[in-house]
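The exercises below concern one protein structure. Each has a task and a solution in steps.

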Amino acid sequence: VTAVEPPSGLTRATFRVQPNKHRHARPKPSTGLPWALLAMSFGVLLVAFSFALSRASEPHANLLFWTGQVVLYGSPAVFILTRHPTKTESIVLAIAIPVLSYGVNQSYSPIQFRFLDAFQHVQTAQAILSQHHLFTTNTSLPVSPYFPGLEIVTSALSQLGGVSIYTAGTIVVGMCHVLTSFGIFLLAYEIWRRPKIAVLAVLIYSTEPHYQFFDSYFIYEVIAMPFLIGCVLALTKLAKASSQSRLLWSAIALFTAFATTVSHHITSFVLVGFLATLTVAQGVGRGENRRAAVWMGAVTLLTVSLVAGWDLGFARGALQYLAPVADSVTRTSSSGAQQLASGNRSHTSGLGPSAPKPDVLIDYFATGLLLLLITLGALWGLRSTRSRQKNSLRRGCLALSLSIYGLVLLRLAASDGSELAGRAYAFVMIPGAMSAAFAMELITHRARIAWRNRRRSRSLERIVAISFGFVTIVALAAGGITIGWPEYYARLPGPYLVGAWERSIDSHNLLAAQWTSTNLPQGAGVASDWVTGGLLGSLGHLSNDTDTASLFLSPKITPALEHVIAQQQVRYIAVDKRITEQIPQSGTFFKNDPLGGTYTSGLPYQFINKFNTAGISKIFSDGTISIYDVTNIGTKK
Amino acid sequence: VNRTAAPRLLTFLVLFAVAIEIWSFNKAADLGIAIVLLFVAPGWIFVRWTQHSAVMSSLSEKSYWAVLLSVGFVIVSGFILNALASLTRTTWELWSVIVAACVVVGDLLISTRRSQPHQFDGGLDPKRLEITRTRSVDTSSFLSVRNVSLLICSAILLLSALWLSEVSVSRNSRERIVQLSLLKQSAITPTCRLEVGNYTGSTKVLKAQLFGGTPNALRQHWTLRIRDQAQWSTLVSCSDPPVLATVSYLNVSKPIATVTFSP
């Protein structure tokens, strides 16, 4: 028996530790967890306070925001790496991390959704509540009704609980957020059998760029994530189960695979990849491993047919929806790779050319640190499990974690790689967080052994461990925040900004969308800037076309513009006059904006004033947003 | 007796919950009961059923699977209800009654199976006994007065953060908006609907004006007193285009918004 138990996967012979005098004494439960939870809650309060300051346009909000985040992430890191958390403590922390991070999310926008994509799913939920059936039409995201997992659960809670879509959606998303994190805890515990590594994996996963916001929005991926993790967990249980329990775990795995498939397309593709890799890893073993691999293979094959059947058969729109994304990745990756090779690429960070310099530096440091941790974890883990048949799942998990390299390449090569990679982080970091957690635990453990063998001071050892854990987790979290969501210009809430995602949603465009949904024909074509157009397409139930930027980029209505109106079947043009007053924070005013990234000021006023002309009725105005009826121009052509 | 009392009590509570749900006397109770019925009950009976084979070792794991499988069950139920009937409140209530009935029947079946002799020597599964013992020691040492006080303080801090955000949003993020619209009512008759909406956060006195022919020819005007979140509308003739309407506060020379009808 050693004073410090070796991390899972390493032989005891590796260690030379002084024997523990109190070997039979039950370890005293650590008392640090409640203090860590208190500190984390204080961190959330600081962040909420920074949001309040930012809304009131007060100074120092940014400083307070970062202080709050450091406290939120640093305190659990210190607790985990300086104590030996029991399983109960680890479970409490694994639940507290998502709950408190959801607190940050809710503090940002406590009374309404603020993410554009969320309103697309609101439309599907509204359709279920009004038409009482699934698979309705969605004018903004046509594929959404074919993946109605989130909307079914939300509408059921809304109807039975008598609450609004917003309240029901907030509860459902919060629950999914907790289930995702706790599922990662159980999965890591199942694979490593050590609560410390499991809870550390949850903490590292919580530093993932989209964890606090994007993965807690009312979007379909959020409900699919817990089922993906549940399915992988069921598969790992299946691998270890007795022959009597295998059928049960296979059934659970298939059930959760079905729930994933009908909830989100990309998540179900990732699930297939995870299942296939783990099955292959298990199949490499012998004896009982092989027998389990047969069951796992059967589950994987059934999942593949389930996903193929749903996405190719029933929800055919999914492939049409995903094709442009895949095309964009291929196209921009090859051009980006050429730019990188020739040295013509203006930026190699995934943040884009306009990102603040400190953000870029933090991004580089955090990405490098994460790569290092995952690589070390994977290499040490694979080396130590090479001869162990029972660790085949761990091997598979560690191998999966190396997919982080693909993600980093995508970020560097593709022009819109930041967004794509940011979304992929949610998947890659499931095995990645486990690998990094293993590496962190191993580093602290080895350092502790080396320290004790040299008979150095225990208190100094503690300080070093605290510093290592604190700096590593805080650096990863800072990196996650800088490259994650919301973008730097909308990181703190506040007054309206043009083309700034969450900061571009306000009462003007929300009420305008509400007005169009009750007064204009559903599915009628509308052209606008990308935020207002997105809202009119989702909440407003209109059809927002992507190739209408040219309508706003000239001082006169020319025959060419009339042609665009007729060709794109635009019936209404919504103009937010603030596009003449501000530059777009994201670089673009419109979808497929030909001048995107080149704006140095708002658009000239005559570009939007041209619609105040004979033959065009201005049917709506609130002084800021005006909606014009251009049906006459469209039909004239 | 102790082993069966808790499940039976829970069964009773579920039935009680369904009754209250149907009665629907209180919104908060409705929501709480709906959460239990949708996100706990279906998975709970499944987990109870698997308890016999001891495939899920800890309470936390059982809770995880109970909630996850419940959510999955709701999704599957949504598809079934969509195919067989419709997704209305009534069908979901009927669904909740069926779930409750399954919980009762399942509980009875499980209890019957439990009463059969144990397969382990000495009457108890030593593995599960060890887990239970470790868990109780672990949990009891964690739940000291000081720790519980600190946990309560943490919850208070979190709630304070949410409260602060809500207050801050309602104070700073509210735009004062007055909407004006002029929509043609039909393709045949030259009639338009003029509508004014007040979203300023308080009752406002507004002046609406309608001009026809040329912008200077005032045809009609109204002084309106509109409550917050309310609209006022009227039908006006659009037979003499272009028609122009404005809305303003008391100073009509500074309109808040202008709309036109120009066929």
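**Exercise 1. The largest cavity**

Which helices of chain A each supply at least two residues of the lining of the largest cavity?

Solution. Keep in mind that the model is predicted.

Step 1. Searching the whole structure gives 8 cavities of 30 Å³ or more.

Step 2. The largest cavity holds about 170 Å³ of space. Its lining consists of 18 residues, and those closest to the centre are Asn105(A), Gln106(A), Gln112(A), Phe113(A) and Tyr217(A).

Step 3. The helices asked for are α3 (87-108) and α6 of chain A, each with at least two lining residues.

Step 4. Sorted by class, the lining has 10 nonpolar, 7 polar and 1 charged residues.

**Exercise 2. α3(A) against α7(B)**

Describe how α3(A) packs on helix α7 (residues 145-172) of chain B, and list the residues that meet.

Solution. 

Step 1. The axes of the two helices are 9 Å apart, and the packing angle is about 15 degrees.

Step 2. Angles under 35 degrees count as roughly parallel, and therefore α3(A) and α7(B) are roughly parallel to each other.

Step 3. The crossing of α3(A) with α7(B) is left-handed.

Step 4. From α3(A) come Val99(A), Leu100(A), Gly103(A), Gln106(A) and Ser107(A); they meet Leu158(B), Ala161(B), Leu162(B) and Ser165(B) of α7(B). In this contact 5 residues are nonpolar, 4 are polar and no residue is charged.

**Exercise 3. α9(A) against α4(B)**

Classify the angle between helix α9 (residues 246-261) of chain A and helix α4 (residues 59-84) of chain B, then sort the residues of their contact by class.

Solution. 

Step 1. The two axes come within 10 Å and cross at roughly 55 degrees. α9(A) is therefore oblique to α4(B).

Step 2. The crossing of α9(A) and α4(B) is left-handed.

Step 3. On the side of α9(A), the contact involves Trp249(A), Ile252(A), Phe255(A), Thr256(A) and Phe258(A). On the side of α4(B), it involves Trp65(B), Leu68(B), Leu69(B), Gly72(B), Phe73(B), Val76(B) and Phe79(B).

Step 4. The classes of the contact of α9(A) with α4(B) are 10 nonpolar, 2 polar and no charged residues.

**Exercise 4. α5(A) against α6(A)**

Is the crossing of α5(A) and α6(A) left-handed or right-handed? Give the angle and the contact residues as well.

Solution. 

Step 1. Helix α5 (residues 149-161) and helix α6 (residues 165-192), both of chain A, have axes that come within 8 Å and cross at roughly 120 degrees. α5(A) is therefore oblique to α6(A).

Step 2. The crossing of α5(A) and α6(A) is right-handed.

Step 3. Leu150(A), Val153(A), Thr154(A), Leu157(A) and Ser158(A) of α5(A) meet Ile165(A), Ala168(A), Gly169(A), Ile171(A), Val172(A) and Val173(A) of α6(A). These contact residues are 8 nonpolar, 3 polar and no charged.

**Exercise 5. Backbone details in two loops**

Where does the chain place Pro486(A), and where does it place His60(A)? State the backbone feature at each residue.

Solution. 

Step 1. Pro486(A) is in the loop between α17 (458-483) and α18 (507-519) of chain A. Trp485(A) and Pro486(A) are joined by a cis peptide bond, with omega of about -5 degrees.

Step 2. His60(A) is in the loop between α1 (32-55) and α2 (61-82) of chain A. Although His60(A) is not a glycine, its phi is positive, at about 70 degrees.

Conventions: Residues numbered from 1 in each chain as written. Chains lettered and ligands numbered in written order. Predicted model: local features only at pLDDT ≥ 70, side-chain atom pairs only at ≥ 80, totals over all residues. Heavy atoms only, no water. Axes fitted to C-alpha atoms, helices over the stretch in contact; angles between N-to-C directions. Helix = DSSP H or I, 4+ residues; strand = E, 2+ residues; numbered from the N terminus. Parallel < 35°, antiparallel > 145°, perpendicular 65-115°, else oblique. Left-handed = near helix turned anticlockwise from the far one by under 90°. Contact = heavy atoms within 4.5 Å. Nonpolar A, V, L, I, M, F, W, Y, C, P; charged D, E, K, R; others polar. 1 Å grid on protein atoms, 1.4 Å probe; cavity = no way out; pocket = protein on both sides within 12 Å on 5 of 7 lines; lining within 4 Å. Points joined across faces, edges and corners; volume = space filled by probe spheres on them.
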